[in-house]
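Visitor: Could you walk me through this structure? I want to know what stands behind each label.

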Amino acid sequence: MIIIKSRKEIEKIRASCIIVARALEEVKKRVSAGITTGELDRIAEEYIVKNGAKPAFKGYRGYPSATCISVNDEIVHGIPSYRCLKDGDIVSIDIGVLLDGYYGDAAVTVPVNGIDSESKRLLEVTEESLYKALDVAVAGNRVSDISCTIQDFVEGAGYSVVREFVGHGIGSSLHEDPPVPNYGERGRGPRLKVGMVLAIEPMVNAGGCELNILDNGWTAVTKDKSRSAHFEHTVAITEDGHEILSML
């Protein structure tokens, strides 16, 4: 069931999203060679708690950390650890927050100092696919118009979209209907309505779309060891189009 949010509920989601966005900024500032993903997780959790919120991922279905930090061929759900970042890595940081009963969710992929031109292009294409999807995230369109826009742009650039993990509705639950895949045919699925709030999150692989799950039961990696990038915003559908709630 898709839950239409009131303006008051959207403002609560926005409050969570602002903490997410600021936590992402705090972590991004510290991304550098030599720092561990566990230290980045600690920075994010401290910021979230200091601002009166809870890290949404910690404990969710048994997930052990406040953030998901995925490096290079890791697609999503990378568990922070003693792993040290190196020059040339790409790092996806996914943060969720619960504040006053409502969730916010966003993700970015950032480089560790200089990265090769192909990795740079992967990040650019993935981020641009998110903004192209936002262009069609308006009332009257259908969910699959978002999906198709992402797939067409990404595959047109020579990359592949991940199919096993998708975007989602968000509100008083971290994951709500509707699912928002990063692939599909235009004109299918639920129609977008004012008051819907969606987490739109293209996950893009430089190689094939196939993946494996590591023995930790969480971390998804590309089967062909190609690099992967992930960008996400929480967005409200409004009378005027859409509003990005997770943007500062």
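Guide: What follows takes a few labels in turn and sets values against definitions. This is a predicted model, where local features need pLDDT of at least 70, side-chain atom pairs count only at pLDDT 80 or more, and totals for chains, interfaces and linings use all residues. Residues are numbered from 1 along each chain as its sequence is written, and side-chain values use heavy atoms, leaving out hydrogens and water.

Visitor: Why is D100 called exposed?
Guide: Exposed means over 50% relative accessible area, buried under 20%, partly exposed in between (1.4 Å probe, protein chains only). D100 has 54% relative accessibility, so D100 counts as exposed.

Visitor: Why does K12 count as partly exposed?
Guide: K12 has 26% relative accessibility, so the label is partly exposed.

Visitor: What makes K12 and D100 a salt bridge?
Guide: The term asks for a side-chain nitrogen of Lys or Arg within 4 Å of a carboxyl oxygen of Asp or Glu. The side chains of K12 and D100 meet at 3.5 Å, N to O, so the pair qualifies. K12 sits in helix α1 and D100 in the loop between β4 and β5, 88 residues apart.

Visitor: What makes E176 and K5 a salt bridge?
Guide: Their closest N and O atoms are 2.6 Å apart, so they pass the cut-off. Both E176 and K5 are buried. The structure holds 19 salt bridges.

Visitor: How do you know that E25 and K28 are separated by about one helical turn?
Guide: They are three residues apart in helix α1, which means about one turn. Helices (H or I, at least four residues) and strands (E, at least two) are DSSP runs, numbered from the N terminus. The side chains of E25 and K28 also meet in a salt bridge, at 3.2 Å, N to O.

Visitor: What makes the span of helix α3 agree with expectation?
Guide: The expected span is 1.5 Å times one less than the number of residues. Helix α3 (residues 117-135) has 19 residues, so the span should be 27 Å. Its end C-alpha atoms are 27 Å apart, which agrees.

Visitor: What makes D105 and H168 a polar contact?
Guide: A polar contact is a pair of N or O atoms within 3.5 Å; within protein, one must be able to donate a hydrogen and the other to accept it, and residues adjacent in sequence count only if both atoms are side-chain atoms. The side chains of D105 and H168 make theirs at 3.3 Å. D105 is found in strand β5 (residues 102-111).
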